[in-house]
Number of protein chains: 2
Amino acid sequence: MKKLNIGLVGFGTVGAGVARIILEDADSIAARSGVRLNLKAVCDIDTTTDRGVALPSGGLSDRVEAVLDDPEVDVVVELVGGTTFAKKVITKALDRGKQVVTANKAVLARHGGELFEHAAKCERSISFEASVCGVVPIIRAIRDGYVGTEITQIMGIVNGTCNYVLTRMTEDGASYEQALKSAQDRGYAESDPSLDVDGGDSAHKLAVLARLAFAEDVEFEHIHVEGIRDIGPIDIQFGAEMGYVPKLLAIGKRVGGELDLRVHPVFLPRQHPLAAVGGAFNAVWLRGEASGDTMHYGRGAGQMPGATAVVSDLVDVGLGRAAINAGAFAALRGGLPKAAVRNIADIETHYYLHFRVLDRPGVLSAISGVLGSKGISIASARQQEQSSERDVPIVMVTHLGREGDVTAALKEIDALEVVKQKTRLIRIER
Amino acid sequence: MKKLNIGLVGFGTVGAGVARIILEDADSIAARSGVRLNLKAVCDIDTTTDRGVALPSGGLSDRVEAVLDDPEVDVVVELVGGTTFAKKVITKALDRGKQVVTANKAVLARHGGELFEHAAKCERSISFEASVCGVVPIIRAIRDGYVGTEITQIMGIVNGTCNYVLTRMTEDGASYEQALKSAQDRGYAESDPSLDVDGGDSAHKLAVLARLAFAEDVEFEHIHVEGIRDIGPIDIQFGAEMGYVPKLLAIGKRVGGELDLRVHPVFLPRQHPLAAVGGAFNAVWLRGEASGDTMHYGRGAGQMPGATAVVSDLVDVGLGRAAINAGAFAALRGGLPKAAVRNIADIETHYYLHFRVLDRPGVLSAISGVLGSKGISIASARQQEQSSERDVPIVMVTHLGREGDVTAALKEIDALEVVKQKTRLIRIER
């Protein structure tokens with residue numbers, strides 16, 4: 001029986017969940033996996049809040065050194081979040097010969113290359129199953145399950161807050177503000193929801209997934225990011241009438257020698273496997289050359305789902321598999337080639353376009369004329385019934401088009417006298 | 001770089017796919033994972049059919065000894081299927097110090113306990129990712145991803161043939177015979193489809209999943225198995241009107257000290273994640289105490305999906321992880337406790353009941369009276385519009401009920417003079 005001494009840095013929601021699993025279930029995990037998890041040291045700046053977990057003697061320290069300097073700690077679990085301090089914790093833990101487990105997508109997205117390189121130099125491992133999609137074992141699915149295939153495409157619903165908000169807007173007809181309030185009331189959204197609703201969190205996770213799936217080092221700033229603040233109920237309604245469901249997706253595609261990496265709202269056909277992923281659930285859909293289309297689904301956040309993912313990494317460390325992985329997999333070492341990320345103007349996809357125009361003869365012809373002049377062809381168009389005094393909606397779906405051409409066309413169209421509002425655009429993935 | 005010499009026993013569809021991946025992608029897999037796969041020996045009783053893969057010198061032997069006796073072969077991939085010969089191949093390979101990879105659910109369902117015990121004695125591993133759900137890495141998801149939680153429930157669509165047939169019946173209104181013919185035309189069903197449509201293949205996979213998820217040794221004959229031959233288009237239609245989708249499910253639940261293990265057609269609410277799994281796709285839905293609800297989805301059969309799963313196991317072997325797993329995980333050694341499988345009469349679930357009765361006053365009251373006398377309460381009932389000269393349909397959905405009580409009630413009901421046909425029953429899972 002292998003015994004693993006664990007040090008937790010950060011004793012918030014997920015940290016308390018990890019402690020609870022270790023304290024309550026160490027026996028059954030040992031019986032199942034042959035690894036005995038032992039909680040050796042825990043630190044957090046907040047030492048007073050009751051987390052509902054009775055730590056063993058030694059208890060909770062407010063000093064990170066109580067964990068990092070403990071010679072008996074085999075593995076440091078970094079759960080502080082953020083980038084600056086977390087990076088220091090991970091680096092020091094590796095320096096001191098500890099293995100590392102982290103749930104921190106931000107630090108991996110911003111400093112992953114450097115951290116993995118440092119781990120390789122220290123001959124130690126960084127495991128990060130909890131960093132993307134919580135309980136869903138998507139990291140090991142890509143690394144281990146699909147090792148025999150080239151992954152060509154990733155589409156992920158990787159932020160539960162956004163998915164909850166969009167689900168409420170779709171199913172209940174709620175406004176963005178109402179849906180966000182509901183998410184906050186249920187604890188799915190922070191009081192400052194920016195990192196979630198503006199897409200930053202999803203982009204962090206995309207960077208982590210892309211490193212693993214494409215074995216390239218992604219410069220985080222090269223990922224195109226749009227959030228969900230601007231999606232209107234009317235577009236959700238028009239989309240629904242056309243068979244589409246809105247999702248905030250993290251998208252990664254290999255396109256020739258480039259990677260197409262972006263986070264933005266998308267219309268998905270209702271029959272797409274991701275379209276059925278509702279509420280606070282997460283899912284990652286993958287396309288592989290040999291594996292075809294696959295999807296992995298589960299809770300992306302929350303105490304016990306996150307803690308389950310951390311514990312899965314701890315067992316990896318305890319069995320020695322984490323060390324093997326760190327030495328063997330290109331994506332887990334530093335020195336990956338830098339990804340050439342495709343400019344958003346050069347991507348190709350389908351577009352939902354919602355024009356607000358004066359109800360006059362020739363308007364449809366004018367708009368489609370501009371689109372045609374830029375090489376954008378129209379798959380379907382409809383003048384929506386709903387009218388107002390000022391303008392009427394025209395909704396179009398395009399065939400595959402280059403985004404730069406669409407943007408150029410919209411600039412011309414929005415300058416037409418008959419067009420009364422900025423045209424709304426939602427990309428369609430299939 | 002670790003080099004792994006591979007011997008294939010069985011060069012059919014999946015075997016040829018494995019060979020193709022190794023021959024074409026060994027370089028990229030080595031770059032990705034640090035393991036160089038090398039195809040050393042291949043055997044099959046059919047040495048003449050062209051599989052579209054050019055084997056290296058040595059080629060294809062018709063003698064299994066050409067693989068088993070090759071001292072340079074590190075790992076034997078058993079792809080012959082069936083139980084008797086496959087068991088011999090696996091046993092001999094272990095005896096000769098080879099690691100084993102297999103896609104064979106039948107042999108694991110029937111002889112798993114014995115084979116894993118033998119592997120432990122030989123200090124070798126048996127890897128079997130390809131045995132359930134083809135490309136979907138469900139084995140490692142349960143073993144590794146959810147190691148920190150107690151799995152309490154499994155529901156799997158694990159047979160692509162049945163799922164294709166039921167999807168055609170649901171979406172196109174096809175009869176069972178038409179849908180099966182379509183499956184055969186597309187190569188999704190064998191000319192003798194019994195093992196698929198009668199549920200045996202799903203039961204094999206359930207036995208494999210249950211061993212892993214519940215760490216108990218399942219006597220295969222204890223699994224209750226029903227196939228899809230008796231599902232009628234009219235029940236699919238009535239179900240659809242009530243918001244249900246028909247699926248053949250492999251179900252495993254921990255219920256007190258027993259396991260509830262069964263394979264049969266089920267009505268699922270349309271919003272259940274498994275309900276959207278259509279055509280020849282497979283998916284396994286899991287419920288874990290800490291992990292909550294998760295689902296893994298992808299192609300369950302086919303050359304490249306199956307081969308991808310085998311290759312994932314080969315990399316496990318090459319990295320030494322398979323050996324670590326075999327030594328550490330209780331479910332991968334012999335000597336597991338025997339599962340106490342709950343008698344089908346003692347399970348509790350919801351029931352869809354379709355009665356064919358004479359259109360007379362008092363019939364509904366008579367039927368509900370019998371149900372009530374057995375403690376079965378009715379959640380909803382409707383007399384369907386559709387009529388015929390002979391009888392009219394009444395459809396009921398029950399609250400949670402014990403199957404033995406339902407069976408006893410139906411026996412009485414079917415004996416009523418006003419009931420004209422045997423009542424049809426479809427279990428409902430939620």
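This is a predicted model: local features need pLDDT of at least 70, side-chain atom pairs count only at pLDDT 80 or more; totals for chains, interfaces and linings use all residues.
## Chain A–chain B interface

Asp144(B) and Arg321(A) form a salt bridge, with 2.9 Å between the closest N and O atoms. Side-chain values use heavy atoms, without hydrogens and water.

Chain A brings 43 residues to the contact, and chain B brings 43. Contact means heavy atoms within 4.5 Å. The two chains bury about 3,700 Å² between them, 62% of it on carbon and sulfur atoms. Buried area is the accessible area (1.4 Å probe) lost on putting two parts together, summed over both.

## Domains of chain A

The assignment, automatic or from a database, gives domain 1 (2–134 + 304–332), domain 2 (138–299) and domain 3 (347–428). The C-alpha centres of domains 1 and 3 of chain A are 51 Å apart.

## The largest cavity

The whole structure holds five cavities of 30 Å³ or more. The largest has a volume of about 100 Å³. On a 1 Å grid over the protein atoms alone, a cavity is a set of points where a 1.4 Å probe fits but cannot get out; lining residues have an atom within 4 Å of a point. Volume is the space filled by probe spheres set on the points, which are joined across faces, edges and corners.

Its lining has 14 residues; Ile126(A), Ser127(A), Phe128(A), Arg143(A) and Leu332(A) lie nearest the centre. Domain 1 and domain 2 of chain A each give at least three lining residues.

Conventions. Residues are numbered from 1 along each chain as its sequence is written. Chains are lettered from A and ligands numbered from 1 in the order in which they are written. On a 1 Å grid over the protein atoms alone, a cavity is a set of points where a 1.4 Å probe fits but cannot get out, and a pocket is an open set with protein on both sides within 12 Å along at least five of seven lines; lining residues have an atom within 4 Å of a point. A salt bridge is a side-chain nitrogen of Lys or Arg within 4 Å of a carboxyl oxygen of Asp or Glu.
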